[in-house]
Amino acid sequence: MKPQSTAMGDNMISMEEALRIIQANTARPRVQECSLEEATAKYLAEDIRAPEPSPRYTNSAMDGFAVRLEDIREAAPEAPAVLKIVGESRAGVPFSGSVQSGEAIRINTGAMLAKGCDTVVRVEDTEEAENETVRILTTKRHGQDVRHRGEEFGLNDPLLAQGTRIAAPQAALLAAVGIERLKVFAPPRIALAVTGSELAAPGVTIADHQIRDSNMIMLKSAVQEAGATLVSANRVDDDFRTTVEVVEQAAKTADIILCTGGVSVGRHDNVKEAAEANGFAPLFWRVLQKPGKPLYFARKGETLLFGLPGNPVSAFMCFTHYIRPLLGALSGRPFGWPTISAEATADIANSGKRAAMVRVRLKRDDDGVHHIHEVEQQGSHMLTSLCFADGYIILGPQQTLSAGERGKVYLFDFQKETT
Ligand code: AMP
Ligand code: MG
C-alpha cells in the first residue's frame, strides 16, 4: 500500500498564492565561472569593465594613404599635393618607421597608423603617380578617417552590466577585449519524470490503448529554450516503487524535478506520494485555475519538485506561468513574464469558478495596436490551442474581457522583454 499524500484535503489556492509560494521558495541564483565559449545564452553575474581601451591602437578607418595634414592643407584636384610613398602599414603588418614631411604610406582599414602621420586620405581621393609618389586630390580635416585609441571606450569603462544576456554581440565584445573567463549565473539543473503506463515512446509501434508521449519532448524543448540544463529524463510507469526510485535518483543531481501526470486522485497517481516518500514537504497542491488545477509543488532542502498535470496543454501552461519565471529567477533575471497590452476583438468570458488562462492569438493593425483573438478550441488535451496562440490572458472567475477593452497578454515567447 502506498502512503497517502499529506497534501490531500480541500485547500485549493489561488494563482497569486501559488506564485507567492514559489517565489518564497526560490533560491538565490548560483554563480559559476565559465569560458566565453560556454557563456552563450547565460546571464552575467558580474559587471564587466574594459580591461583595455578600444580601439587598442590608433588605426585607419579606410584603405588609402596616411599623411601629415600640414602636407595636404592646400590640396585640390587642380593642385594636388604630391607625396613620396615611403612604405605600407597593412592589417597585421605595421610600418615601423616614422613618416616625415612630404611623405605618405599606404594603409589599410584597421592597420596601425604610423608615427608622424595624423590623417588618412581614402584611395578615391588620390592618384598614384610615377616614382612611388601619390597625388592627394583634396584636403581633409585633422584626424579624418583615423580611429583613435580609446575613442569607443577607455580602460576601465563599464562595458556590460550584471544580468546582461550573453548573445552573439556580447560574446564578440568580450572576445575583442580579451576576456576569456567570466562569472555567469549557473543555469538551473532540471530532471524530467514523465509518468503514465499508457505512454508510448517515439518510434515504437503504438497499440490502440496507448497515448504518444508529447510531454517529454515538450518539456525538453521548454527547458532548453529557458536556458536551463537537463540532467535526466525518464518515462515512468504508474507504479509507486518505480516512481519513488526515479524521484530519488533525480533529487541527487537536479535543482528542480519536473514530473508530469499521476498527480490527481486516481488510484494509480503516485507523484505526490513518491515525492513525500523521498522526504519532500508539500507546499501546495491544486490551484484554482483552468487548465492546470492539479498542480503540485514540494521542496526538500534546496531541491524543488513540481507535479504537473498529465494533459500536455495543462502541463505547458503550468510550465509557462510558474516554472519559466522561476527558471529565469534562478538564472539571475526578474521573476516575470513578457507581456503586451492588447484589445479584445470580441467578448472573452470565463463562466467558470476558477481563473482561466485563455489562449489567444494576436493580430497587429496598421496603427500598431494589437488585437486579441480567442483560440477557438481550448481543450486541455488540444495542443493546437498552444500552437495557434501567441500567448494567453488570465480571467478571474465570472470575468469577461469585453470587446474593445484592453487586457494583458502573457506571451509564450520569453525572448521578448520580461515585464
Ligand atoms: P494524468 O494527469 O496522469 O491523469 O493524465 C491526464 C491525461 O493526460 C491522460 O489522458 C493522459 O493519457 C494524458 N497524458 C499524460 N501524460 C502524457 C504525456 N506524457 N503525453 C501525452 N499525454 C499525456
Ligand atoms: Mg497518468
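I take a polar contact to be a pair of N or O atoms within 3.5 Å; within protein, one must be able to donate a hydrogen and the other to accept it, and residues adjacent in sequence count only if both atoms are side-chain atoms.

The model is predicted, so I note that local features need pLDDT of at least 70 and side-chain atom pairs pLDDT 80 or more, while totals for chains, interfaces and linings use all residues. Residues are numbered from 1 along each chain as written, chains are lettered from A and ligands numbered from 1 in written order, and side-chain values use heavy atoms, without hydrogens and water.

Entry on ligand 1. A backbone N or O atom of Gly-262 is 2.9 Å from an oxygen atom of ligand 1. The protein buries 76% of the 480 Å² that ligand 1 exposes when taken alone (Shrake-Rupley method, 1.4 Å probe). A side-chain N or O atom of Glu-198 lies 2.6 Å from an oxygen atom of the ligand, and one of Asn-215 lies 3.2 Å from a nitrogen atom of ligand 1.

I then looked up the shell (residues with a heavy atom within 4 Å). I found 14 residues around ligand 1, with Glu-198, Asp-213, Ser-214, Gly-262 and Gly-310 the closest.

Entry on Ser-314. I located Ser-314 in helix H7, residues 312-330 (a DSSP run of H or I, at least four residues). Ser-314 has a relative accessible area of 4% and is therefore buried (under 20%, 1.4 Å probe, protein chains only). Leaving out residues up to four places away in sequence, I found that Ser-314 touches Pro-291, Gly-292, Pro-309 and Ser-380 (heavy atoms within 4.5 Å).

Technical notes. Helices (H or I, at least four residues) and strands (E, at least two) are DSSP runs, numbered from the N terminus. Buried means under 20% relative accessible area, exposed over 50%, partly exposed in between (1.4 Å probe, protein chains only).
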